[in-house]
Amino acid sequence: MWCLQSAPAEPSVSNMWATVFLATLTLSVLDYTSGTVQVSGDLEPYDLLFDNAVEAYYKQDWLSVILHMERALKHKSMVRKVRTECRLACANHTAFEEAMPGVGAPIPGTGAVEDLGFFQKVLKRAECVSSCESEKLGPPSLHKVGDDVELEFKKRTPYNYLQVAYFKINKLDKAVAAANTFYVANPDHLEMRQNLEYYSLMAGVKEEDFKDLEARAHMAEFLEGKKLYSADEFASAIDHFEAAVEEYFTADAECRVLCEGAYDYDGYNYMEYKADLFQSISGKYHYLHILNCKQNCAVELASVVGRDKPFENFLPSHFNYLQFSYYNSEQYEKAIESAKTYLLFHPEDEVMKQNLAYYSVVLGEDKAADISASEVVQQYIKKSLLEKELLYFGYEIFGVTFVDPDTWTPEDVMPKKLRDKQKADRERAARITEEIGNLMKEIETLVEEKSKESSDVAMIIKDEPNKASSDKGVFDDVTVTMTSAALNGSQRVLLDGVITDDECRELLRLSSAAAQKGDGYRGQQNPHSPSEMFQGVTVLKALQLGQEGVFPLKSARLFFDLSEKVQKVVESYFSLESPLYFSYSHLVCRSAIEEKQDEREDMSHPVHADNCLLISEHNECIKEPPAYTHRDYSAILYLNDDFEGGDFIFTELDAKTVTAVVKPQCGRVVAFGAGKENPHGVRAVTKGQRCAIALWFTLDPKHNEKERIQAEELLKMLYSPVNEDFQQTEKDSHADTNSEPQGTEPSRTAKQDEAEKPKEETRTSAEEQTDSKDVKNEAQAKAKAGDKPGKTATQTKKDQIEAILVT
């Protein structure tokens, strides 16, 4: 609509008049209190106010724009709040379970008199709601708004107009807040993004001005709790998660009661409507529509504007976060209550059951037995399950479709006939997907073969004109197998012959002896897929283990030297004028877990970019924290090919369209720019173990890898003249005994065999995972269940960082 291109124009009215106007505006329309909404004066229809504001905008009457648009927003909020309060109040005043004189509790179906008593309650509630809303809002038709205007408010269009108007009168704090509120719901709006960038450079604009004026209380508390939780600030996180739970049930009650509004019978008018009394009240029409709406409140409350998908497992995840936060705060009673509450949703969750067992041992099992799950949640689940049963009944009998929004619903709630039908549908969809997948693989193979034919296959790097003469020795036997053009992108190259087969074998032996499960992911053994186990070791750790004699020191030195070689190859191939510095170096192995490969659909490493946050739904990659924005180039040196799956892929920004496929093999390197031009991922490893050295480089010396510097210092010490005799002795000793060392499983120490402390559960979703936490109290007794508590996995900022960490 409007894009800031220059400094703010001189305001058309004085700042003093604008300030007085705004102060008056806040008092002139509504009186909001923490209790019942009070209306002062007539409540104008908000669609009319919106139209008046738009008309004033084109007349450049900025104060009128603000007056009408702010009133439109407040009046819309008022209408919603009044309707909510009226319906909740009338439900409480005319509860069906109350006894009636001479009738008792009016239960329909028990007799003619009881039927009359029930319908009397229905009529009284209808009269109560009608009177309450008419008294506070006026006639129902007054606030009936068209779909087009509703859509504008849903898109937050009023804030687009407001940010311009506030800017024009030089109220930058309000302009920024309005602009940010609009942008949160419209992240692909390029002009608004430019506006926000411009605002951020203006004098007087503060970071706290960038707020979301439409943020919902329960979601704001939840997101703040997650932020603190990821920072290990558990005590502070507890307050926000508890507040989020309280606000959630408040919002849920409002959402549910607003479902009890008018219903359009698919375009039928009254004369054409043929349903009888009980059909219209209950099954086939209105009531099932209301129940469906109430069930979908779970989706509504788990959604964030601007985000493509709602948070999965949203309400249960609150108690998952809480149980681990209370554990870390040593509040075992509350940890037990939260764990038991979570198990109401997922009673078969093994990690949570282990956590509960551990908490019970620490507190005392007698005390733990007296602690109950949240009563509010028990009632919520009871009510929700009954609604689901009714909806499935309507689905089966009347054919009114119901899609359950919850992942925690017990299987037996759905009728067996429907379960069988859905199973058959899933199997048919799986077959179709498999056939499409096989066809796509054939197409990819043809494209790859065609690309290879058109590329300069086996071009020797050392013969390229841009190579520095001082690097000639580095490029012996290294060939360019595929250029950027052959890989259908830019800043990409595929190299072969970078290291020898013997060097691959030696590094694989090093990995077997030194790689630790979950290294680089705070101990998470399955950071990207529950179907694979992850192991890794850094250069510094390898050198330290070599120094301790766990394996030959020369193997660790080879790891260091070969990573340096890859650095020089990348520098030279891309003809960089500035040197590359290591940002992170990691020898990584991914192993398929055999029993978890059936019907697997996930990837070994989801598609991502290395220095920006990939938002595939909008074909964008945002270069800002928590992404590693300092990374400039990446390279992967493969060590083996004796496994199934594990192909490296480049994609478009949509993370779906594959542009190139790389099959790992010993000595092969894929190198590429780390930005949005190269989204990439790893397909599932379905059998065996895939090992590689992953390297990330930066042009900024400030981000030079600290471990690398320490490794260099350690090498200087180990290979100094003082140690030459020792090094020679070591080489001689290994010449006979370790000329062909075999990889063996290192023996476990007593410390490794100790019971594990509370660990984080790895329940994953499309948008979110959480990282593992180290826990306190190492000397505590282990729980009867054997393992100790774990933290649940929901998408956190730390996960976004770690999702980029290892390719």
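Which residue in E7 is the bridge partner of Gln516? In this predicted model, the partner is Gly536.

Next, consider how E7 sits in the structure. Glu532, Phe534 and Gly536 point one way from the strand, whereas Met533, Gln535 and Val537 point the other way. Residues on both sides are buried. Buried here means under 20% relative accessible area. Because 6 of the 6 residues of E7 (residues 532-537) are buried, the strand is largely enclosed by the rest of the structure.

In soluble globular proteins, nonpolar side chains tend to be buried together. The largest nonpolar core in this model contains 53 residues, and those with the most contacts inside it are Phe222, Tyr248, Phe319, Tyr359 and Tyr380. Several helices each supply at least two residues of this core, among them H9 (217-230), H10 (234-258), H14 (314-328), H16 (350-363) and H18 (375-398). H10 gives the most, with 9 residues.

Phe222 shows what such contacts look like. Leaving aside neighbours within four places in sequence, Phe222 is in contact with Phe241, Ala244, Phe311, Phe314, Ser317, His318 and Tyr321. There is also a second, separate core of 46 residues, which includes Leu495, Leu587, Cys589 and Tyr633.

Key
Residues are numbered from 1 along each chain as its sequence is written. This is a predicted model: local features need pLDDT of at least 70, side-chain atom pairs count only at pLDDT 80 or more; totals for chains, interfaces and linings use all residues. Side-chain values use heavy atoms; hydrogens and water are left out. Buried means under 20% relative accessible area, exposed over 50%, partly exposed in between (1.4 Å probe, protein chains only). Helices (H or I, at least four residues) and strands (E, at least two) are DSSP runs, numbered from the N terminus. Two strands pair if DSSP finds at least two bridges between them. A nonpolar core is a set of buried Ala, Val, Leu, Ile, Met, Phe, Trp, Tyr and Cys residues joined through side-chain atoms within 4.5 Å. Contact means heavy atoms within 4.5 Å.
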